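Hello,

My notes on what turned up follow below it.

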Amino acid sequence: MNKKIRQIPAEETYALRQRVMWPQKPLTFIILPNDAHGIHYGLYVDEVLVSVVSLFIENKIAQFRKLATDQKEQQKGYGSMLLTHLLNCAEDYKVNKIWCNARLDKQDFYKKFGFSPTNTRFNKAGQDYVIMEKYF
Ligand SMILES: CC(C)(COP(=O)(O)OP(=O)(O)OC[C@H]1O[C@@H](n2cnc3c(N)ncnc32)[C@H](O)[C@@H]1OP(=O)(O)O)[C@@H](O)C(=O)NCCC(=O)NCCS
């Protein structure tokens with residue numbers, strides 16, 4: 001199996017984002033207003049896109065969004081590979097901090113990468129979130 005992580009245009013993340021994260025919503029729901037300013041990464045297995053994530057940097061603070069692995073490829077370590085790559089890239093960009101809106105049930109997953117939950121929680125479209133952050 002040939003695994004590769006590549007930087008990709010925002011548009012290439014859309015189908016996976018929608019299918020994995022918001023299958024009940026139209027494609028327009030998963031397009032972010034600042035996608036054009038993001039850095040997008042895709043993990044390919046034998047040239048098939050299986051996992052995506054997007055990084056946004058502003059004033060030395062990074063946010064990552066829309067980490068999604070194709071349903072049938074989950075639990076194989078691809079999300080972890082991509083997140084590790086993303087954290088290395090964020091470090092290369094010399095950011096002080098990285099944060100994300102984590103789905104509440106994914107908190108423990110992010111803790112393994114050094115993220116800590118903040119006190120900020122919210123609900124969007126019926127989904128509970130907690131803001132998590134990691135300092136470099
Ligand atoms: C969250 C998400 C991106 C994780 O992607 P993934 O590719 O499944 O991630 P991994 O395979 O690296 O890790 C998932 C779990 O499998 C475990 N795992 C990693 N490699 C594994 C392997 N080779 N064999 C078995 N399990 C493995 C991880 O430890 C992790 O366990 P945990 O959930 O108990 O922490 C994926 O579940 C997803 O797309 N979910 C829907 C969208 C979503 O919720 N996105 C995140 C929004 S905050």
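Lys-94 is found in the loop between H2 and E5, where helices (H or I, at least four residues) and strands (E, at least two) are DSSP runs numbered from the N terminus. Phi of Lys-94 is near 60°, a positive value in a residue other than glycine. Most residues other than glycine have a negative phi. At 58% relative accessibility, Lys-94 counts as exposed; here buried means under 20% relative accessible area, exposed over 50%, and partly exposed in between, with a 1.4 Å probe and protein chains only. Ala-125 also has a positive phi, near 50°. Ala-125 sits in the loop between strand E6 (116–124) and strand E7 (127–135), and its 48% relative accessibility makes it partly exposed.

Before you go further, some ground rules. This is a predicted model, in which local features need pLDDT of at least 70 and side-chain atom pairs count only at pLDDT 80 or more, while totals for chains, interfaces and linings use all residues. Residues are numbered from 1 along each chain as its sequence is written, and side-chain values use heavy atoms, with hydrogens and water left out.

Now for the overall picture. The protein chain has three helices and seven strands, running β-α-β-β-β-α-β-α-β-β from the N terminus on. A compact globule of 136 residues would have a radius of gyration near 14 Å, and the chain agrees because its value is 14 Å; this is taken over C-alpha atoms, and the globule rule is 2.2 Å times the number of residues to the power 0.38. Those C-alpha atoms fill a box of roughly 40 × 35 × 30 Å along the principal axes. Of the 136 residues, 46% count as buried. If contact means heavy atoms within 4.5 Å, then among contacts between residues at least 6 apart in sequence, 61% join residues at least 24 apart.

Take Leu-16, buried at 3% relative accessibility. Leaving aside neighbours within four places in sequence, Leu-16 is in contact with Met-21, Leu-49, Val-50, Ser-51, Val-52, Ala-68 and Asp-70.

Beyond its neighbours within four places in sequence, Gly-79 is in contact with Ser-51, Leu-67, Thr-69 and Phe-109.

Cys-89 is in no disulfide, and the nearest cysteine sulfur, that of Cys-100, is 16 Å away. That distance is too far for a bond. Cys-89 counts as buried because its relative accessibility is 12%, and Cys-100 counts as buried at 1%.

Notes:
A disulfide is a pair of cysteine sulfur atoms within 2.5 Å.
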